[in-house]
Amino acid sequence: MGTAVGQPLQGRRILVTRPRGQAGGLRVQLEALGARVEVVPVIQVLPPRDPLPLQQAAARLDGYAWVVFTSRNGVEAMAAHLGRWKHTLPPHTRVACIGPATAQAVRDRLGWRVHLQPQAYVAESLVEAFRRAGVEGARVLVARAEQARDTLPEGLRALGAQVEVVSAYRTEPAYNEAERLRDVLRRGVDLVTFASPSAVHAACELCGDPQRLRAVPAACIGPVTAAAAHQAGLRVVAVAEVFTRQGLVEAVVRALTGGEGGG
């Protein structure tokens, strides 16, 4: 049975594991390519166990030369703590983000300019961008998930920066989605997408039978997520070349069509 022109994913069932508020764009793009999308948000985003460090940091932004965000969730948390009328960035403070979605959230939610963003959207590339920009002696605030790699703060400290890391949010498995995840896997999907290591870990915890999840081909948004999936024993068949939602869509199309373009 052929596929419609411009719909290379016609008839394919794809499991999207992103949090519900972040899954809409990916779902729309995949459905436009003909896919049937099952959204099961395997993680939930929660406030940090101790919100005080973020509150204190938000109250004294003028004490930092740089504020660094690693995800949209961190931006949302900062916006919540700053309050509606306190989004003015001190004139000497600059902002760095790992990827374009995070940078867009900074502009939309905080109204701030983004001064530094690496070409590749991983912590290692941001450290390299700071190396070129120069950060020795600078006070740097890193607002990130409670559970995160130490690549960024360690890399900045190695460059001579004074780094303060605050937990802006935390994630945990969405236990209320466990039965739905198991049902979707029982009915069968052609591919599962992962956009973070935490989603990989949560899906493995929630799925009931790890072998059922390991039998499903997986597409990952980037190498860090792919490494987590490999470590969990999942069958990674595609990794986005550009670590964005669009890059993930293109990886899905490659995986399920043998390399056809997605338009």
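This is a predicted model: local features need pLDDT of at least 70, side-chain atom pairs count only at pLDDT 80 or more; totals for chains, interfaces and linings use all residues.
Colleague: What makes the radius of gyration of the protein chain agree with a compact globule?

Modeller: With 263 residues, a compact globule would have a radius of gyration near 18 Å. The protein chain has 19 Å, so the two agree. Along its principal axes, the C-alpha trace spans about 60 × 35 × 35 Å.

Colleague: How many helices and strands does the protein chain hold?

Modeller: There are 11 helices and 10 strands. Among contacts between residues at least 6 apart in sequence, 66% join residues at least 24 apart.

Colleague: What share of the residues is buried?

Modeller: Buried residues make up 49% of the 263. The accessible surface comes to about 12300 Å². Carbon and sulfur atoms account for 49% of that surface.

Colleague: How far apart are the mean positions of the positive and negative charges?

Modeller: They are 3 Å apart, for 31 positive and 23 negative charges.

Colleague: Why does Thr193 count as buried?

Modeller: Its relative accessibility is 1%, under the 20% limit, so Thr193 is buried. Thr193 is found in strand β8, residues 191-194. Not counting residues up to four places away in sequence, Thr193 touches Ile14, Leu15, Val16, Thr17, Leu26, Ala219, Leu248 and Val252. Gln56 is 137 residues from Thr193 along the chain, and their C-alpha atoms are separated by 36 Å.

Colleague: What makes Asn73 buried?

Modeller: Asn73 has 18% relative accessibility. The limit is 20%, so Asn73 counts as buried. Asn73 is found in helix α3, residues 72-82. Leaving out residues up to four places away in sequence, Asn73 touches Gln22, Val45 and Tyr169.

Colleague: Is Thr171 buried or exposed, and how do you know?

Modeller: The relative accessible area of Thr171 is 13%, under 20%, so Thr171 is buried. Thr171 lies in strand β7, residues 162-173. Setting aside neighbours within four places in sequence, Thr171 is in contact with Ile43, Gln44, Val45, Gln147 and Ser198. Val45 is also among the residues that Asn73 touches.

Colleague: Where does Ala138 lie, and why is Ala138 called buried?

Modeller: Ala138 lies in the loop between α5 (123-133) and β6 (139-145). Its relative accessible area is 15%, under the 20% limit, so Ala138 is buried. Neighbours within four places in sequence aside, Ala138 is in contact with Ala65, Trp66, Gly160, Ala161 and Gln162.

Colleague: How far is Ala138 from Pro91 in sequence and in space?

Modeller: They are 47 residues apart in sequence and 15 Å apart in space, C-alpha to C-alpha.

Methods. Residues are numbered from 1 along each chain as its sequence is written. Side-chain values use heavy atoms; hydrogens and water are left out. Helices (H or I, at least four residues) and strands (E, at least two) are DSSP runs, numbered from the N terminus. Buried means under 20% relative accessible area, exposed over 50%, partly exposed in between (1.4 Å probe, protein chains only). Contact means heavy atoms within 4.5 Å. The radius of gyration is taken over C-alpha atoms; the globule rule is 2.2 Å times the number of residues to the power 0.38. Accessible areas come from the Shrake-Rupley method with a 1.4 Å probe; for residues, only the protein chains shown count as cover. Lys and Arg count as positive and Asp and Glu as negative; His and the chain ends are not counted. The place of a charge is taken as NZ of Lys, CZ of Arg, CG of Asp or CD of Glu.
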